[in-house]
Amino acid sequence: MSMHPVEINLENVNSNDSFEYAIAFLRGTVTCRENVCKTLNCKVLVLTDNQISEFTVQDGRFKCIIELKLGTNLVNITCDSELHVGQYSLNLERKPNICDKVLKLLYVVPKGDTGKFQSSETCLNSSESACKRIVTGVKLLQCMTAERLNELGLGRKTFNLSTENGQEVCEIFHSQYTKEQFFAWTSEKIWNMTARELLANGVFVQGVKVLAFLSCTEYFKESNEIKGYVACGRGHLAMISSSGLHSWACDLKDVVSCLTSSIPIDSTLFDDSGSRGTLSGCYATSLGAALHEIGHIFDLVHTDFGVMARGFEELDLFFTVGNSQAKHHGTELRRRCGSREISVRVRAPTKVTSVSFGMRSIGNDKDDRKWDRDGQAYFHRSAAVLLSGHPWFGKCVQLEDKGPIQISGLEVKVPNGIRLIELHAEDDRLVKYWDFTKNPTNIHRYCLSWFDVKDVIQPSLLVQDVTGKIVTHYLNFGASIPSVSQ
Ligand SMILES: [Zn+2]
Ligand SMILES: [Zn+2]
């Protein structure tokens, strides 16, 4: 039997692309050159200097996640099945991240506690295991954020993680509060008390934001209660529970199997799976929830779809192919973030519009939804624009600061030039935005129309200038001083 040659193509990465973070995501296709085989279902082997991993090809599509070492990485993708053979090689460059601002990962252990997280008996649940799972998970978030921004033409920008000897780390933080105290508190209170404690301990030094996990979160099956539950992101602290950690991969090599696992969640554990009931659903939902809260500390508000709505639950669809476990939107649990409920919307509403000043309208954000096949864990255009210019997302070109953003009535004056304006409603939800990134020249002044704000309850504006600086301001239709959020 003669072999069929195959053609391997990558959709999102080119040879000599460079990355400022550890995990590279490759999405591609394998097609048979004989033209007799319609779609291929096989495997590809991915070889780098220090690892060899296998990924599924389903209907001719595959996705790989690989760890890059500093410097040049030669990546070899081969298809070698009974009938099909082919290969593709490329070089990927990993550069050190030069952004001086970092996201620090903390695992918060109550006073007198072992730091074990709740899990089934067969699962390693020590604080060391927790830290490994957290580091692997957040590196995936770092990679997905960069890819999502790159899909929108904004470059592979992402947040930087704190490291020790070049390795990303999650540190254990020993709290002065006991498990009993955490159990007695609401999500808001847990966030508040932890934020104060971290502040008092000097954790929030210049250029540090924190993603913290509370180790002692516990589900009580008998009473169907969860204690020590937190999901909140504000200011410099994002904090979530450890209730999903049992489903997280310890190492990169286990990520795909964990994200596609159809094993049901043990009935003694909290089912935080976006109504899927599986370990993979739990991994996607709880890791996605971490990204949602990280989004808040990078100044994102709730939107009607994407990561800043409930789209984060579909993170598994981004990283894997042929993961067909359907979500049941009708039977959703309520999900809270901070003191607010995150709304569930299956369809994008029409009221979020994007106006590129002086240019043709980009149109409704529904256009962004062409990646739905890869799940809705993407950033809304406005959020992506904000992040890609955010001071925490890579070193900005040092532009001369020509002065502060001023907002008076409906008029915005920005000496450096406007990058983005967002109109928010009272519940910190995005109503409308104006994206100036496609303008050929800087705009220094913009005036909102009364019609933009007249139906919005307690409207506020977020303005980002071209240096990345962000100001938020409640509109009271009189002159007042804006508050600078960073
Ligand atoms: Zn063939
Ligand atoms: Zn939220």
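Predicted model: local features only at pLDDT ≥ 70, side-chain atom pairs only at ≥ 80, totals over all residues.
Which residues point one way from β17, and which the other way?

The protein holds eight helices and 29 strands, and 46% of its 486 residues are buried. The part I want to discuss is an open sheet of five strands in the order β12-β9-β13-β17-β16, with mixed pairing. At the edges stand β12, residues 170–174, and β16, residues 231–234, each with a single partner strand, so one side of each is left without a neighbour in the sheet. From one strand to the next, the twist averages 25 degrees.

Now to the pairings of β17. With β13, residues 208–214, strand β17, residues 237–241, pairs in the parallel sense over five bridges; Met239 of β17 is the bridge partner of Ala212, and Leu214 stands opposite Ser241. With β16, β17 runs antiparallel, and four bridges join the two, Gly233 having Ala238 as its bridge partner. The hairpin of β16 and β17 has two residues between the strands, and there Gly235 takes a positive phi near 55 degrees.

Helix α3, residues 187–200, packs on this sheet, touching β9, β13, β16 and β17, and its direction makes about 130 degrees with that of β17.

So, to return to the opening question: Leu237, Met239 and Ser241 point one way from β17, while Ala238 and Ile240 point the other way, and all are buried. Because five of the five residues of β17 are buried, the strand is largely enclosed by the rest of the structure.

Terms used. Residues numbered from 1 in each chain as written. Chains lettered and ligands numbered in written order. Buried ≥ 20, exposed ≤ 12 C-beta atoms within 10 Å, placed from the backbone. Pairing = 2+ DSSP bridges. Axes fitted to C-alpha atoms, helices over the stretch in contact; angles between N-to-C directions. Contact = placed C-beta atoms within 7 Å.
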